[in-house]
Amino acid sequence: MPSNDERLLATAIYVTSFFTTIIGPLVIWLLKKDESEYINYHGKEYFNFIISYGVYSIISVFLMFVLIGFITIWAVGVAAFVFTIIAAVKAYEGKEYRFPLVFRLIR
């Protein structure tokens, strides 16, 4: 079971992403990844999530030329918001959470 500090910092990775998508989570992850395997796991998972959903957003922008992108961009945005909240809650509970539909480039 991860310590209370580890759980709070892992949760902070997700919560700070609402204010600074990359900088806040990156600072927390880079400072604490060597000290805690739990924080390292959540940092990797978050950045794999950002990369994947960034690609999905770019694809949605291109699909706007055929009009379906206006629907998919909203779906990607809502999914990203909801999954980030779920991940923050799971991190605070001390559990590992794997985002759906994510290709894991950072291992």
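Which residues touch the most other members of the largest nonpolar core? They are Tyr14, Tyr46, Phe49, Tyr53, Phe83 and Phe99, in a core of 21 residues. The model is predicted: local features need pLDDT of at least 70, side-chain atom pairs count only at pLDDT 80 or more, and totals for chains, interfaces and linings use all residues. Residues are numbered from 1 along each chain as its sequence is written, and side-chain values use heavy atoms, with hydrogens and water left out.

**Core**
- A nonpolar core is a set of buried Ala, Val, Leu, Ile, Met, Phe, Trp, Tyr and Cys residues joined through side-chain atoms within 4.5 Å.
- Helices H1 (4–16), H2 (23–32), H3 and H4 each give two or more residues to this core.
- H4 provides the largest share, seven residues.

- His42 is in helix H3 and counts as buried (under 20% relative accessible area, 1.4 Å probe, protein chains only) because its relative accessibility is 0%.
- The side chains of His42 and Tyr14 make a polar contact at 2.8 Å (a donor–acceptor pair of N or O atoms within 3.5 Å).
- Beyond four places in sequence, Tyr14 is in contact (heavy atoms within 4.5 Å) with residues including Glu45, Tyr46, Thr84 and Phe99.

**Largest pocket**
- H3 (37–63) and H4 (69–93) each supply at least two lining residues, with six from H3, the largest share.
- The lining divides into seven nonpolar, six polar and no charged residues.

Note on methods
Helix = DSSP H or I, 4+ residues; strand = E, 2+ residues; numbered from the N terminus. Nonpolar A, V, L, I, M, F, W, Y, C, P; charged D, E, K, R; others polar. Buried < 20%, exposed > 50% of the residue type's maximum accessible area, 1.4 Å probe, protein only.
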